[in-house]
Amino acid sequence: VILYELRDRGGRAFSPFCWRSRMALAHKGIRPQVRQVCFTEIAGIAPGTRTVPVLVDGDTMLRDSWDVAVHLDEVLPGVPALMPTEGDRRLARFVHHWTTHTLHPLIFRAIGAEIWDVLEPADQPYFRESRERRLRGMRLEDLRDGRHVVVTELQSALGPLEALLVEQEFLGGGQASYADYILFGALQWARVIGGAHLFIKPDGALDRWFAHCLDLHGGVGRQEAAGP
Ligand SMILES: N[C@@H](CCC(=O)N[C@@H](CS)C(=O)NCC(=O)O)C(=O)O
């Protein structure tokens, strides 16, 4: 199994979507052959590829993290399932939409300038141009000025998760499932770039859950060095 994932100039994996797949594979006990690419190398993986993760499993190539999770449950039904029930699948879909549409943009506003700092020089012009277009012309560096506001918004957005994780160990109950890995990917992105501490309340339920996820499956998450 080959996993293509994004790297920064120091070879660190920081992409939230790639972490979803890395954790999904680890959950199944699979250590993929990791091929790290930078943004400007993604199109060279295979014709038509625009994003990572990309998973190659024999003759099958999957170019979407959700498809990777579904595929792993289909081909490896006998090992712990990522989404054991239809309810787990629906929970994971909600967490996917909420994380992608609400959490990721907020985290990006908190750490966007710092992401640029750690990219390969070849990626920096592409990243600046594409992300500043999304920010409607704002410069990445301007994000630093508004960070304190974003941190408050992030803490508020994460409030319901704090409350839930006081009541139960993982998002779906007592066991980690794919919904956890989706949320984990977002926080790991912030941790590796160096900003998770800005908005995760120390010793709160989310902090404990994150520490627990970092240690899962032999500590695959913790092995990636945290940013400053
Ligand atoms: N739908 C895709 C989204 C993946 C995605 O957006 N990946 C980002 C890295 S975190 C990417 O490859 N971006 C390429 C780019 O911005 O050019 C999935 O879930 O796999």
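I start with helix 3 and helix 6, which pack at an angle of about 5° with their axes 9 Å apart. That makes helix 3 roughly parallel to helix 6. Angles under 35 degrees count as roughly parallel, over 145 as roughly antiparallel, 65 to 115 as roughly perpendicular, and the rest as oblique. The axes are lines fitted to C-alpha atoms, for helices over the stretch in contact, and the angles run from 0 to 180 degrees between N-to-C directions. The contact of helix 3 with helix 6 divides into 19 nonpolar residues, three polar and one charged. Here Ala, Val, Leu, Ile, Met, Phe, Trp, Tyr, Cys and Pro count as nonpolar, Asp, Glu, Lys and Arg as charged, and the others, Gly among them, as polar.

Some housekeeping. This is a predicted model, where local features need pLDDT of at least 70 and side-chain atom pairs count only at pLDDT 80 or more, while totals for chains, interfaces and linings use all residues. Residues are numbered from 1 along each chain as its sequence is written, and side-chain values use heavy atoms, with hydrogens and water left out. Helices (H or I, at least four residues) and strands (E, at least two) are DSSP runs, numbered from the N terminus.

Next, helix 1. How does helix 1, residues 16–27, cross helix 6, residues 178–193? Their axes come within 8 Å and cross at roughly 135°. That makes helix 1 oblique to helix 6. Contact means heavy atoms within 4.5 Å. By class, this contact has 10 nonpolar, three polar and one charged residues.

Helix 1 also packs on helix 8, at an angle of about 50° and with the axes 10 Å apart. The two are therefore oblique to each other. Met23, Ala26 and His27 of helix 1 make this contact with Cys213, Leu216 and His217 of helix 8. Four of the contact residues are nonpolar, two are polar and none is charged.

The largest pocket holds about 770 Å³ of space. It has 30 lining residues, and the closest to its centre are Pro16, Phe17, His104, Arg131 and Arg134. On a 1 Å grid over the protein atoms alone, a pocket is an open set of points where a 1.4 Å probe fits, with protein on both sides within 12 Å along at least five of seven lines; a cavity is a set the probe cannot get out of, and lining residues have an atom within 4 Å of a point. Grid points are joined across faces, edges and corners, and a volume is the space filled by probe spheres set on the points. Which helix gives the largest share of this lining? Helix 3 does, with seven residues. The lining divides into 16 nonpolar, seven polar and seven charged residues.

The second largest pocket has about 310 Å³ of space. Of its 13 lining residues, Arg22, Arg31, His217, Val220 and Gln223 are the closest to its centre. Helix 1 and helix 8 each give two or more residues to that lining, and the largest share, three residues, comes from helix 1.

Last, the backbone. Most residues other than glycine have a negative phi, and most peptide bonds are trans. A cis peptide bond joins Val52 and Pro53, with omega about 10°. Pro53 sits in the loop between strand 2 and strand 3. Asp203 has a positive phi, near 65°, and lies in the loop between helix 7 and helix 8.
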